Amino acid sequence: MINRSCVREKRPRGSRDSVVEIDFARHDAPMTSEEAQYEASRCLGTVSCEACDVCRLLCPDLAITRDSLTGEIHIDLDYCKGCGICAAVCPKGAITMVLEE
Amino acid sequence: MAVEGRTHKPVVDRDLCQSCSVCLRECPAELFPELRPDEDTTRGYVYSNTDLAAREVFPPCFAACPLGQQVRDYVRLLEVGNVKEALLVIRQDNPLPGVCGYICHHPCEEACIRGSWDDPVSIRELKRYAAQYEMDHRGLIMETLIQRKEPARGKKVVIVGAGPAGLACGFESVMRGYEVTIMDALAQPGGMLAGGIPSFRLPRSVVDHDVGIIRSLGVRFLPSVRIGQDVSLRQVMKDDADAVVLATGAWIDLTLDVPGEGAKGYLNCLDFLDAVNSAQNVKLSGRVLVVGGGNAAIDTARSALRLGAEQVIVVYRRSREEMPANHEEVEAAIKEGVEVQYLLAPKRILTENGGVTGLELVRIELADFDEAGRRRPVLIEGSEYIEEADVIITALGQRPGVSFLDVKAISEHGTITRNASGMVPGYEGLFAAGDAVSGPSTVVEAMASGKLVAQQVMDYLEGMPRR
């Protein structure tokens, strides 16, 4: 599956305003798992496909297409011979080669 | 035209580059290194004129980290919710993930290319989240760490100092199969982490957890042994240790060198922070002046506020941009009510009946840049004024205390010298790491130094060639 979580929204850094009370304990709790997943998804080097087109241009079988309306990338597995070029070149590491069942 | 036959050359627009590293990965000379010296081709020409060692490393977060953390790898794993694997990726390069998750000065976030778009990814917060998982699932992680441990080599490494450098060196050495003993002058392991950083920044439980993991891996801790006092260096080296690592840190506070020192109410920050951290009954009242601009100064100011001081003023001799303290620590301190005054230098401590009553300050202007790249402060004549104070705490930086070593092994800055293989000159099998070598630095830099020395110790003990 190609994950296209959008990265263009703005959010305050770290999402937390620390230091509410003043004593010797630390009060800002660590992130929740949802917060952590969101924050990790903001990294430009992570798994989200940005539809950069590199895989589509390099596919020798023209099995990768781009949806003209949404701009999303699709892999047509009926035409794919499994060479793995797309997975090797994907700058985001969003494509992985999975063993055929 | 630099290359014959070439009509166009690729130019990278730094503002647009997302450092996806596709160009680097797909360059033919990257894929087939044996093609690089091929003199007749374009790539041969380009590569013969490129210093590969000095080439820019991608991604920038990885390049900026002194420990070489695989930031993108673990952030990617956190994105898909695989916290355990993420933590094990962090663990590969970082022996103290909990501590780093709280107090690392995160050069990775400063380097993050997302920062040029909106805000950098909060990498430290993510590491803290992963470290929290480790604290909740200690057994799971220990299992993998014990699997990763190499078989015993039957050699002993003794490390002096249980601070970040010593702990990192101890962790790396024990994972390589050595028998490790860490001795420390303090009763609690952790060094500056336990004695210098207040608990509102780094909770004690986090240090205890990270140290506990290292202890569970088989490292022996010897508390309350001060080298040079309780035991001599020669004795440590003689007592069946195959290698000794000095990671004693920088624990001697620099002083102001102005008249009036030694009055009641005049303290230095390490004594003060140590008293605060060891839960001795410290009480403060009135106006507190903190002299300095590093993290220790900010920690001192924030601690003083918590101990009941009515007003806390930090006095720093340069401006906000030059301040070495972490930006967010200064913000937090100001938010809590600490006042920071810039471009001031202390001239004289005013005393009355042996107690501090104030500090005479001189205004400063910044002149041209010195060779270190910082602007040189110049006193403004006749601008002296008096700031009243009940307590003055100095936080001007530290230097290592290594008087137990030979004069030959100590540099002009008071730090330990070492040769290219990490050894202290004049001593066989003695290594040095951390702040004792570099002067005061940051937690990750000290840890990186400890890791490097662990490798050098192994090279020495196993007779491997120098890298």
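## Strands of chain B

Thr181(B) stands opposite Arg220(B) in strand β3(B) of this predicted model. Strand β2(B) and strand β3 (residues 220-222) of chain B run parallel and are joined by three bridges. Two strands count as paired if DSSP finds at least two bridges between them. Strands (E, at least two residues) and helices (H or I, at least four) are DSSP runs, numbered from the N terminus.

Strand β2 (residues 179-183) of chain B also pairs with strand β1 (residues 156-160) of chain B, in the parallel sense and over five bridges. Here Ile159(B) stands opposite Ile182(B) in β2(B). Together with α11(B), β1(B) and β2(B) make a right-handed β-α-β unit. The crossover is right-handed if, with the strands pointing away from the viewer, the path from the first strand over the helix to the second runs clockwise.

## Basis of the model

This is a predicted model: local features need pLDDT of at least 70, side-chain atom pairs count only at pLDDT 80 or more, and totals for chains, interfaces and linings use all residues. Residues are numbered from 1 along each chain as its sequence is written, while chains are lettered from A and ligands numbered from 1 in the order in which they are written.

## Helix packing in chain B

Helix α11 (residues 164-175) of chain B packs against helix α19 (residues 443-462) of chain B at an angle of about 40°, with the axes 7 Å apart. Axes are lines fitted to C-alpha atoms, for helices over the stretch in contact, and angles run from 0 to 180 degrees between N-to-C directions.

Residues making this contact include Pro164(B), Ala165(B) and Gly166(B) of α11(B), and Val443(B), Ala446(B) and Met447(B) of α19(B). Two residues are in contact if their C-beta atoms, placed from the backbone, lie within 7 Å. The contact residues divide into 10 nonpolar, four polar and two charged. Ala, Val, Leu, Ile, Met, Phe, Trp, Tyr, Cys and Pro count as nonpolar, Asp, Glu, Lys and Arg as charged, and the others, Gly among them, as polar.

## Domains of chain B

An automatic or database domain assignment gives the bounds: domain 1 (60-145), domain 2 (151-251 + 400-462) and domain 3 (254-397). The centres of domain 1 and domain 2 of chain B, taken over C-alpha atoms, are separated by 24 Å. Their contact takes 15 residues from domain 1 and 23 residues from domain 2.

## Contact between the chains

In chain A, 28 residues are in contact with 34 residues of chain B. Helix α1 (residues 33-41) of chain A gives the largest share of chain A's side, six residues.
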